[in-house]
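Please read it alongside the sequence and the coordinates shown here.

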Amino acid sequence: MQRRSFIKKSSTGALALGVLPTMAFSNQTEYSILELMGKTDIKLFGEGINLRKAAHDAFVEMKKAAYSDGIDIKVISSYRNFYRQEGIWERKFIRYTEQDGMEPLPAIDKIIEYSTIPGTSRHHWGTDIDIVDGYRKVEGDVLVPSKFGAGQPYEDFKKWMDENSKSFDFYLVYTDTPGRRGFKYEPWHYSYAPLSIPMLTQFRSKNILQLLEAEEFEGAEHFTNGFLNSYIKDNILDINPELL
Ligand SMILES: [Zn+2]
């Protein structure tokens, strides 16, 4: 990827000049923990796109290229702040525990098949999108893995993305690689790597466990250290290795 070769080149340059290698990273953007957890407003670009500038620009280029190949990339979901995610989480927690009578821990396990704990969604970063082919008429929910399979409405879209998304720096996050843990296969969720890789690196360097223990939304009181540790390992970090 371009970013890696750039860093490699600049570290070599820095070494040649006798500067400490860490200096090469000194102008890399620092993200605050509030920003990484979706708790501050960030500048977003593009009506119905809502991504950070670089991600938006790459997305527009990718959309144009797909369009000329007969695919109309449509954004279903992009930036979502902490409080939106908190609403999604609490609605599911209350439905599963109060309406369906589930115990809190199985209810939480069911929520995290597809939904993140508020503060840990990659959608908080302005780098990630859920997309489909707007040309296809699809009944009911569109974000269903089987609809991206052979003979299904989004088969061509998936094929096009497999062949082309990386040249625009968009990578699938939750792949169908056998043995991958954490969130289930999401053939619709793509991430703009040049921004999301450094953001994940910075996020994982924080004490995520302590940050989540301090949260007070519905269900958070049931989080144990063991649960949170495996959530971090599986749900946050067991993703497409090209995004680590
Ligand atoms: Zn998503």
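## Helices, sheet and cores

Helix 7 lies across strand 2, strand 3 and strand 4, and runs at about 85 degrees to strand 4. This arrangement, like everything below, is taken from a predicted model. Helix 3, for its part, lies across strand 1, strand 3 and strand 4, running at about 135 degrees to strand 1.

The strands named here belong to an open sheet of four strands in the order 1-2-4-3, in which the pairing is antiparallel. Its edge strands are strand 1 (73–77) and strand 3, each of which pairs on one side only. With direction ignored, neighbouring strands of this sheet are turned by 45 degrees against each other on average. Strand 2 and strand 4, which run antiparallel, are joined by three bridges, and Ile129 has Tyr190 in strand 4 as its bridge partner.

The largest nonpolar core has 32 residues, and those with the most contacts inside it are Ala58, Met62, Phe170 and Tyr192.

| Element | Residue range |
|---|---|
| Helix 3 | 53–68 |
| Strand 2 | 128–133 |
| Helix 6 | 155–164 |
| Strand 3 | 170–172 |
| Strand 4 | 189–192 |
| Helix 7 | 193–204 |

Helix 7 gives the most to this core, with six residues. The surroundings of Ala58 can be given in detail: leaving aside its neighbours within four places in sequence, Ala58 is in contact with Phe168, Asp169, Phe170 and Tyr192.

Which residues of helix 6 are buried? The buried residues of helix 6 are Phe157, Lys158 and Met161. Because they cover an arc of only 95 degrees around the axis, they are on the same side of helix 6. An α-helix has 3.6 residues a turn, so residues three or four places apart point the same way. The buried residues of helix 6 pack against strand 2, whereas on the other side of helix 6 Asp162 and Glu163 are exposed.

Notes: Residues numbered from 1 in each chain as written. Predicted model: local features only at pLDDT ≥ 70, side-chain atom pairs only at ≥ 80, totals over all residues. Core = buried A, V, L, I, M, F, W, Y, C linked by C-beta atoms within 7 Å. Buried ≥ 20, exposed ≤ 12 C-beta atoms within 10 Å, placed from the backbone. Helix = DSSP H or I, 4+ residues; strand = E, 2+ residues; numbered from the N terminus. Contact = placed C-beta atoms within 7 Å. Arc of directions from axis to C-beta. Pairing = 2+ DSSP bridges. Axes fitted to C-alpha atoms, helices over the stretch in contact; angles between N-to-C directions.
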